[in-house]
Amino acid sequence: MSRPIRQSAFAVAILTACLSGAAAAQDWALDGYDPVSYQDQGRAVPGRADIHTMWRGHLWLFSTDQHRLAFESNPRAYVPGFGGLCPVALSDGREVKGDPRHFVILGDRLYLTRSDSARRALMADPRDVLNDARRNFAGKGD
């Protein structure tokens, strides 16, 4: 194989790998943040693509192997309430995806909010917001 053909084949292979990686990123749970880090470290920590598990059709990334093992032993302990929808928006009857960078942990449950102002609204009145959100989310599970 001549050098230009080899270089072209290599470029196509790299481009294909990048595109397939981008497609896989669309299935990343929590936009690639480590679900265990919220409770373990109290902050959103980006996961690593080489430390992951598949659960419920999504790829969950982790920052450490210990976090992956903790998640695999009990995923429901780490997944966000309301399927990742913002409880403040749900309390108003709207389904808006929460942003993994804006979160609240109430009790032992992670909730994602759509913004920092929604996070503050949830913290200001968690009981009423969650009760209203639960009523509007009824039948979809929490």
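Modeller: A salt bridge is a side-chain nitrogen of Lys or Arg within 4 Å of a carboxyl oxygen of Asp or Glu. A search of the whole structure finds nine salt bridges. This is a predicted model, where local features need pLDDT of at least 70, side-chain atom pairs count only at pLDDT 80 or more, and totals for chains, interfaces and linings use all residues. Residues are numbered from 1 along each chain as its sequence is written, and side-chain values use heavy atoms, leaving out hydrogens and water.

Biologist: What makes lysine 97 and aspartate 31 a salt bridge?

Modeller: Their closest N and O atoms are 3.2 Å apart, and the limit is 4 Å, so the pair counts. Lysine 97 and aspartate 31 are 66 residues apart and link distant parts of the chain.

Biologist: Why is lysine 97 called exposed, but aspartate 31 partly exposed?

Modeller: Buried means under 20% relative accessible area, exposed over 50%, and partly exposed in between (1.4 Å probe, protein chains only). Lysine 97 has 55%, so it is exposed. Aspartate 31 has 43%, so it is partly exposed.

Biologist: Why is threonine 113 called buried?

Modeller: Its relative accessible area is 0%, so threonine 113 is buried.

Biologist: What is threonine 113 in contact with, leaving aside its neighbours within four places in sequence?

Modeller: Contact means heavy atoms within 4.5 Å. Among the residues in contact with threonine 113 are Cys86, Pro87, Phe103 and Leu122.

Terms used. Helices (H or I, at least four residues) and strands (E, at least two) are DSSP runs, numbered from the N terminus.
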